[in-house]
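Subject: Structure for you to look at

Hello,

Here is the structure I promised. Please open it and keep it on screen while you read my notes below.

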Amino acid sequence: MNGLSERFDAVRASIADAAREAGRAPDDLTTVVVTKFQPESLIRELAALGVTDVGENRHQEAQAKARALADLGLTWHFVGQLQSKKARQARAYASVIHSIDRDSLVDALRSEEATVDGFIQVNLTDDPGRGGVAADALLPFAERVLATPGIRLLGLMAVAPLDEPARPAFARVRLLSERLQGVAPEAVAMSMGMSHDYRDAILEGATHLRIGTAITGKRPTGG
Ligand SMILES: *Cc1c(COP(=O)(O)O)cnc(C)c1O
């Protein structure tokens, strides 16, 4: 016993509690279990527990896992920074890319043949190194995404800043989402909420939670 199923049940229960508190149906939330650095065996256990959506943040690792675990029929989410030159390969296994944040990446995801679901990542900090588009660049960037065949824009993704409470940061994402819907009425999704802040994210309208360690336990190596 490694406690995985107990942790999974506990997180599911607290997601349901937060959803009810927010007056929302727990079924309206998609939980992406972030499995970066975790072994394939753990992903098999998660699938046996009923997990359908998993997230990875490094292309090579994600590609190898998606290949080795193809029999599980999982939906793979790419949640990390993605190099433009890896974009075409990533879209081959990932159904959803959460981290669209640069013109070069948008252009690399262009396709006339296939469509990938995507989130625009917004940067909630003043540090450009943290990834994501700045709030004041969001609308022109969204126009570029919308004009690009091969990407279906689902909404916005964000990571809470380290140095401020999560809830007001997620409230800013909600406001940005309303702004986005002015140009993209169908892009209503919000990918936000990790192990330590998913309750705040749910209360501010998250539709996609990206939860790692609260479910998987500690990662085997640093990340
Ligand atoms: C690792 C990661 C997560 C999950 O983080 P936990 O704290 O383990 O829940 C979510 N989103 C992104 C972008 C990540 O890189």
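Predicted model: local features only at pLDDT ≥ 70, side-chain atom pairs only at ≥ 80, totals over all residues.

Start with the strands. Strand β1 covers residues 30–34. Strand β8, residues 208–211, runs parallel to β1, and four bridges join the two. Look for T30: its opposite number in β8 is H208.

β1 has strand β2 as a partner too. β2 spans residues 53–56. Two bridges hold this pair, and again the strands run parallel. Find V33 and you will see V54 of β2 as its bridge partner.

How does the chain get from β1 to β2? It passes through helix α2, residues 40–48. This β-α-β crossover is right-handed.

Now the helices. α2 meets helix α3, which is made of residues 59–68. Their axes come within 11 Å and cross at roughly 55°. That angle is why α2 counts as oblique to α3.

Which residues make the contact? From α2 come E40, I43 and R44. From α3 come A64, K65 and A68. By type, the contact has three nonpolar residues, three charged ones and no polar ones.

Best wishes

Key
Residues numbered from 1 in each chain as written. Heavy atoms only, no water. Pairing = 2+ DSSP bridges. Right-handed = clockwise from strand over helix to strand, strands pointing away. Axes fitted to C-alpha atoms, helices over the stretch in contact; angles between N-to-C directions. Parallel < 35°, antiparallel > 145°, perpendicular 65-115°, else oblique. Contact = heavy atoms within 4.5 Å. Nonpolar A, V, L, I, M, F, W, Y, C, P; charged D, E, K, R; others polar.
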